[in-house]
Amino acid sequence: MSAIHIVRDYPHSPTKVWRAVTDPALIPLWTATGAGARPEGFATTVGTEFRFTAKPKPGWSGIVDCVVLEVDEPRLLRYSWTDHGGGETTEVTYRIEPRAAGTRFTYDHTGFAGTGGFFVARILGHVRRRMLRVGLPAVLNDLDEAGRLRPGSGPERKI
């Protein structure tokens, strides 16, 4: 089995990080450095079925079907991930831990099987690392302490 495991430390509160990674209006801002996925029907409630929709690419519809499996706000979000075109179901987990200098965010995407899964994990891993290295910090910097976008930031800002 192949997996993606990324750990990043951010100089922001766990509440702010939670907001950035779970607010449907904020998610497309940091995923813009990847495929630009936006969640449709997302809520941090176990059992919620939602999808990520991005611009289609050759061999991919741009749609991923998901189900929220576990929530422990503001520490944990776990959901299933299935390409809308079929294939295996994998799992994505966000872990948020307070640190003296801010927050440790751990991203795990597990369950990729076989040679095809190995290559998918490598491609997605590269994209996710960029989103968490460039996209998410930019969004976190644009939020005030209450988790609201500051004036002049957000969609009109280029990452």
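In helix 1, the buried residues are P14, K16, V17, W18, A20, V21 and T22, where buried means under 20% relative accessible area with a 1.4 Å probe and protein chains only. That is 7 of the 9 residues of helix 1, residues 14–22, so the helix is mostly covered. Helices here are DSSP runs of H or I with at least four residues, strands are runs of E with at least two, and both are numbered from the N terminus.

Some housekeeping. This is a predicted model, in which local features need pLDDT of at least 70 and side-chain atom pairs count only at pLDDT 80 or more, while totals for chains, interfaces and linings use all residues. Residues are numbered from 1 along each chain as its sequence is written, and side-chain values use heavy atoms, with hydrogens and water left out.

Next, the core. The largest nonpolar core has 36 residues, and W30, F52, Y79, Y94 and F105 touch the most other members. Such a core is a set of buried Ala, Val, Leu, Ile, Met, Phe, Trp, Tyr and Cys residues joined through side-chain atoms within 4.5 Å. Helix 3 gives the most to this core, 7 residues. What does F105 touch, leaving aside residues up to four places away in sequence? Its contacts, meaning heavy atoms within 4.5 Å, include V17 and V21, along with Y94 and L132.

Now the strands. Strand 5, residues 76–83, pairs with strand 6, residues 89–99, in the antiparallel sense over 7 bridges; pairing requires at least two DSSP bridges between two strands. W81 has T90 in strand 6 as its bridge partner. The hairpin formed by these two strands has 5 residues between them, and G86 in the turn has a positive phi of about 110°. Strand 6 also runs antiparallel to strand 7, residues 102–112, with 9 bridges joining them. There, E91 is bridged to T110 in strand 7, and the hairpin between these strands passes through 2 residues.

Last, the pocket. The largest pocket is lined by 31 residues, with W60, V64, W81, L124 and R128 nearest its centre. A pocket is an open set of points on a 1 Å grid over the protein atoms alone, where a 1.4 Å probe fits, with protein on both sides within 12 Å along at least five of seven lines; lining residues have an atom within 4 Å of a point. Helix 3 supplies the largest share of the lining, 7 residues. By type, the lining residues are 18 nonpolar, 9 polar and 4 charged, with Gly counted as polar.

Methods. Buried < 20%, exposed > 50% of the residue type's maximum accessible area, 1.4 Å probe, protein only.
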